[in-house]
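Hello,

Here is the structure we talked about handing over. Please open it alongside this email; my notes follow below.

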Amino acid sequence: MTFPAGVGMTTTMAPYIEQAQREGQLYIEQPYELYSEDNHEAWRRLYSRMVPKWEQYANEHFMRGIANLCLDPDRVPRLEDVNKFLCNLTGFRAKAVSGYVPAFQFFDCLRQRDFPTTITIRHQDKLDYLPEPDIFHDIAGHVPMHTDKAFADTLVRFGDCAHTAAEIAASIPDEEEKVRKLSSVIKAMARFFWFTIEFGLMKDRSTGGLRAYGSGLLSSYGELEHSLVSPLVQRYPVQLEWVINQYFEIDHYQPLLFVVDSFDHLFSLVDTLEAWMKDGRLDNVAPGEPEVGESDLKSFLHVGGA
Ligand SMILES: [Fe+2]
């Protein structure tokens, strides 16, 4: 089925995406001609109001990344154009997807330097709150960080961890025990990802203050400033044992955030995460959010017939 040009690629209202989902296609093309003028206007407004916030609160790697990607402030980006710049820098590519990517596949994509990217954009009337990712979150929030070598290498290490988790699960003969331990490991990985890649803060070398590098913060007009200045937010030096046991909720501003020193520091934490996984230290993390869904669990169990 073809759709008329400009029909719209608005979150939850995009016929192209609905069709792809019906047909079970996860990896898709970006049908650029389907974006409506309203979609471009949403991008323009989202982008222009973030610029002064980024200048004040985003970390230096993100600012360099935004400059290197040469995003058009007025039009929804073409992934093809983004990738021309991105791929040359770190080998990463934004890869269009039609919806949720189960956890193992998501991490495995990162390992291959592909970033599953949402291509719909939020409605102009809902610029502030969106429970699901959109192209602004993914391209303006995540992808600038992927231009940084140390950060890109960290994402690849996440992918290695997912493989390690699947291998460990495959070696557990008892089905119940396998599922219980794997659920705990996936929960630990999801918490780590949340408190670093999505909501991480970093020490700023030049001022000694803090800046954001987490994409959930960098794509949120309200929360970016809140995360760094509000007295309602607790900010602590990152501690792995805390992060993996700390639940989180996605429907309000985060009250607790963790600070890394650098991306080399972050990379070393992923190494430690994997070492702990091998030692069984992720097998019994504290209960609570996020719940590990069936599709995430299956995605790990199906690797190599585990
Ligand atoms: Fe995200």
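Predicted model: local features only at pLDDT ≥ 70, side-chain atom pairs only at ≥ 80, totals over all residues.

**The mixed sheet**

Strands β5 and β6 run parallel, and four bridges join them. β6 covers residues 256–260. Within this pair, R235 has L257 in β6 as its bridge partner.

The pair belongs to an open sheet of four strands. Their order is β4-β3-β6-β5, and the pairing is mixed. β4 (210–212) and β5 (234–237) stand at the edges. Each has a single partner strand, so one side of each has no neighbour in the sheet. On average, neighbouring strands here are turned by 35° against each other, direction ignored.

A helix goes with this sheet. Helix α10 (residues 221–229) lies across β3 (201–203), β4 and β6. α10 runs at about 155° to β4.

**The β-α-β unit**

Now to another part of the chain. β1, helix α5 (residues 103–111) and β2 make a β-α-β unit, and the unit is right-handed. Strand β1 (residues 93–97) pairs with β2 in the parallel sense, over five bridges. Opposite V97 stands T118 in β2.

Is β2 mostly covered or mostly open? Mostly covered: of the five residues in this strand (114–118), four are buried.

**Two helices that cross**

Next, a helix pair. Two packed helices are described by the angle between their axes and the distance between the axes. For helix α8 (residues 175–198) and helix α13 (residues 294–301), the axes come within 10 Å and cross at roughly 110°. α8 and α13 are therefore roughly perpendicular to each other.

Which residues meet at this contact? From α8 come V179, L182, S183 and I186. From α13 come D296, L297 and F300. By type, the residues of this contact divide into five nonpolar, one polar and one charged.

**A loop residue to look at**

Last, E291. This residue lies in the loop between α12 (263–278) and α13. Is E291 buried or exposed? Exposed, because E291 has 11 C-beta neighbours inside 10 Å, and 12 or fewer counts as exposed.

E291 and I186 are 105 residues apart in sequence. In space they are 9.5 Å apart, C-alpha to C-alpha. I186 is one of the α8 residues in the contact with α13.

Best wishes

Definitions and conventions:
Residues numbered from 1 in each chain as written. Axes fitted to C-alpha atoms, helices over the stretch in contact; angles between N-to-C directions. Helix = DSSP H or I, 4+ residues; strand = E, 2+ residues; numbered from the N terminus. Parallel < 35°, antiparallel > 145°, perpendicular 65-115°, else oblique. Contact = placed C-beta atoms within 7 Å. Nonpolar A, V, L, I, M, F, W, Y, C, P; charged D, E, K, R; others polar. Buried ≥ 20, exposed ≤ 12 C-beta atoms within 10 Å, placed from the backbone. Pairing = 2+ DSSP bridges. Right-handed = clockwise from strand over helix to strand, strands pointing away.
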